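Subject: Structure for you to look at

Hi,

Here is the structure I promised to pass on. Please open it next to this email, and my notes follow below.

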Amino acid sequence: MAGKSHITITMQEDFKVMDEVVVVGYGTMKKSDLSGALSSLKGEDLMKGGALDLAHGMQGKVAGVQINQSDGAPGGGMSIVVRGANSFSTSSQPLYIVDGIPFDTGSTPSNGATQNEQGSNPLSMINPHDIENIEILKDASATAIYGSRGANGVVIITTKRGKAGKPKVEFSGNWGFSHISKKIDMLDPVTYARYRNEQVISDQYYLGSNKTNLAYPGTWGYQYYNDGHINYNTGKYTGKPEDYAHPGWYYDEYGNSTQIDVADWQDEIFQTAFQHDYNLSVSGGDDKGYYSFSGNYAKQDGTIKNSGYERYALRANIARHIYSWLKIGTNQSFTNSTTNFANTLSYNTGVVRSALLFPPTYGPNTDTTQMDDLNWLAANPTAYVNSAKDELHSINYFSSSFVEIKLFPFLKFRQNLGLSYNDSHRGSYYDRHTQEGKAPTNGKASRAANIWKSLTAESLLTFDYTLAKVHKFNAVAGFTVENASWDNTSILASNFPDDLTKDNDLSRALDKATLASDKGNQRLASFLGRINYTLMDKYLFTASVRSDGSSKFTDKNKWATFLSGAFAWRASEEKFIKDLNIFSNLKFRLSYGETGNQGIGSYRTLPQLGVANYPFNGSIQSGSAMVSWRGPVDSDIKWETTAQYNLGVDFGLFNNRLTFTADYYYKKTRDLLQEVKIPSSTGFSNKLTNSGNVTNKGLELTLGITPVDSHGWHWNINANLAFNKNEIGGLNGDQYANTLWDGADNVFIQRNGCPIGAIYGYVEDGFYNNEAAVRADPQYTFASAATVKSKIGEIRYLDLNHDGKITEADRTIIGDTNPDYTWGLTNNLTWKDLSLSFMLQGSHGNDIFNGNLQDVKLGNIGNIPVDAYNSRWQADSYENAKWPKASSGYERNFLVSNRYVEDGSYIKLKNISLTYNWNHPFKSVGLERLQFSFTATNVFTITDYSWYDPDVNAFGSDSSRRGVDIYSYPSARTFTFGINATF
């Protein structure tokens, strides 16, 4: 190399993946030295598919990590569950660690003006372009070092840092468009009008209705003068079904005119949505330290009009060796985001519900007053997309700073300081044309603000020493303190003189505002320690301990200690294994550990007083009394604890061109923190206590294959497969999750021997096809002829206890929302500078409670799906009927039954991406690489699920009500073109 001023070095991929360094709790380790269960995901793999947030980027790529979106809304909520839900009463979401500091943003402000389950995704606050690596700690030996924070798994996020060498400038821009991947096939205007006429005829025959006018008769109607004569100037035409195939103006001989208007309301609310994402970063470093600065702007319009997500993000990551023994660093991030929600995930209002139910024989040009007359059923869909407002503004500041002192070559001290501040404001308004704001409400507004602040201080000593090249010791001891506080306010007002100022001037409301506020604080102090011992690079031992003290518990049980231990044997280092010349890596792992959960309210173990009046001395006096809804305080309440065993094996063949990891785990969460019913004689109805347990056991398989790696060709396959079985135990009796909505009570049962997510309801037994079938039912044996006739064509339910009537005792388990297994398959193919990547993802065996179908009654004027119409009961063709006869009455009452339980299994082509790298295109300007990419996401879904998308979870992180779909925001199919320039 003498005499050369410029040297080009081409990096080849190193298949010695076991030498890779991964981040673990309060430190790093070589992957070869791990004894616990950990999965890694590189930032570049996260971004394949063009995700705008890391949760979507992780989906399907890690075994044992189940990620579901609440719905398809931009910036919408996500839920992440590691190795099954531990509890049905506390959160099952994992702990997120960003650059060593716990990351939390508090709760999303609620929209008090409507009833929906919409929330934001806190992980969208993190710019995914900034992420270097993600590690998911899954077994207790890996998570126990985080104590009570690690019970549900730990997701460790490491952001990018500058690397030694010349400064690196990188710019990326992505532009794309989206449209919904599926529409629900509803009745067209002509068929709808025929269906409405059929309802009238059906009621005449089966219900004895004396109504003779068809809903769509094809006749003109006129008003009358007071003297009884017809006023021929008031003619109004009601079309016949065939007229709606030819919308337009219709005239009579008197010069009257009526416009027949039609609409596909889904087309009126959905749009082709555009998105763009820009990222600029500058990074570099030397042997003294590193720096990295980045900025991001992303805007994603929603496929529902007037919805979307926008984010501005800045990050600075700097570290420097001041002296050889002193290093300081800081990572600062700031994010400003705006989420425009569409009103979805609501059982009785909202834009998707309106678009599906509103009659297609109305249209955008129909008189507004006429449309508003149907507000009892559903609002004019365009009213939601044109005038409804639900806007969330969030500001997030997060910092992770450290000072590291090298006391001795083998001992260092590190002080971490983390600060987090999140300020979210949500404003909403629904005008007179929406269901929420219709008369007599006359406009409804809501304002809410949540402020979350946290401070984390960690003092850590790390010991790292090798003795005689045989004994390796790594130990960590530390003390941490976490303090978090929040301040929440909300205002609700209604009855505005007009809709001009929306929620911007609540003083104009004639019905004065309803105010609510709360604030609080919580603290956690911890002592922790871990030791790793490696003998001859073959035998690996790990032990950890953590004692947590939480302000949430009483002094009696404020502190809890959690232990873990693990052993691993690197069999591939044994001579007799090497002599086989088969394995490039072979390791066996065994671990056990315990973690805790403090997932209750900060003041839940303290009595709460409320205003109460009482009689004294002949008059009513004002005083205080314990609020009854919280129940009495249980002084013995203690930490929820999860114990977990893990048995794993890792092996690699052919110089690790084939790698395989298998983990079997068994974990049991005991002393569940939950509300239980108590006798009303106590003066209360419920009490927070420790009761019950949940068991999860499962198998995780991860496979990596490199079939081709020669002559410019490279083909890499990554696959994962996970099984999990969940079971409840230790309860004193059956209990139920919270009500889903009005008319959907006790849908999810919590019963010993059943999983979290068991659906409880009635079982249908076809239909009453004739009078004899009705009379055969003991309920109607002696009923009147009119009652019997009315039951023909109606649903029949199984009498499971054979008592001759349908009661609560006839309910049974009718579904399970837990998948039997989930999987993901990623293929990466490269030929020279051209790359193709695609990912398949699947979930199998899980049921979905399709709450959308509860509005499909064939018993009112609402529109219905084509499938329901085609499979309705008819007197001359009822053998394959799935829905009852058409009726215009409103007396029909469907029970919660297996009708609403559908198979939610699916296979998705999650994304496919084509990339071309143009190396050194313009050397004169220092452009080292120009990358072009084209990506398609959510390309297709294979499923039997009847609604928009089986990847739905309306109640988000509420593990007791997983797998519910209720007028969710449809998922979008997105096509993106991107350019990445590296200088």
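A word on burial before the rest: a residue is called buried under 20% relative accessible area, exposed over 50% and partly exposed in between, with a 1.4 Å probe and protein chains only. This is a predicted model, in which local features need pLDDT of at least 70 and side-chain atom pairs count only at pLDDT 80 or more, while totals for chains, interfaces and linings use all residues. Residues are numbered from 1 along each chain as its sequence is written, and side-chain values use heavy atoms, with hydrogens and water left out.

Aromatic pairs

Rings of Phe, Tyr and Trp (its six-membered ring) pair if their centres lie within 6.5 Å; planes under 30 degrees apart are stacked, over 60 edge-to-face, and the rest tilted. By this rule there are 49 aromatic pairs. One of them is Phe 177 with Phe 975, a tilted pair with 5.5 Å from centre to centre and 35° between the planes. Because Phe 177 belongs to strand E10 (residues 165–180) and Phe 975 to strand E48 (residues 972–982), this pair ties together parts 798 residues apart in sequence. The strands here, like the helices, are DSSP runs numbered from the N terminus (E, at least two residues; helices H or I, at least four). With a relative accessible area of 35%, Phe 177 is partly exposed, and Phe 975 is partly exposed at 23%.

Tyr 232 and Tyr 254 also form a tilted pair, because their planes are at 40°, with the centres 4.5 Å apart. Tyr 232 is in strand E12 (residues 230–238), and Tyr 254 is in the loop between strand E13 (248–251) and strand E14 (257–260), 22 residues apart. Tyr 232 is partly exposed at 37% relative accessibility, and Tyr 254 is partly exposed at 38%.

Ring pairs also link Tyr 192, Tyr 195, Tyr 216, Tyr 244 and Tyr 869 into a cluster. The charged end of Arg 872 sits over the ring of Tyr 869, 3.9 Å from its centre; the rule is NZ of Lys or CZ of Arg within 6 Å of the ring centre and within 35 degrees of the ring normal. Lys 885 likewise has its charged end over the ring of Tyr 206, 5.2 Å from the centre.

Helix H4

At the start of H4, a side-chain oxygen of Asp 188 comes to within 3.0 Å of the backbone nitrogen of Val 190. Just after H4, Gly 208 has a positive phi of about 70°.

Around Glu 573

Glu 573 is in the loop between strand E25 (559–570) and helix H9 (575–578), and is partly exposed at 24% relative accessibility. Leaving aside residues up to four places away in sequence, Glu 573 touches Asp 537, Lys 538 and Lys 578, where contact means heavy atoms within 4.5 Å.

A four-stranded sheet

Strands E35, E36, E37 and E40 form, in that order, an open sheet with antiparallel pairing; two strands pair if DSSP finds at least two bridges between them. Four bridges join E37 (residues 758–761) to E40, and Ile 759 stands opposite Gly 815 in E40.

Best wishes

How values were computed:
A polar contact is a pair of N or O atoms within 3.5 Å; within protein, one must be able to donate a hydrogen and the other to accept it, and residues adjacent in sequence count only if both atoms are side-chain atoms.
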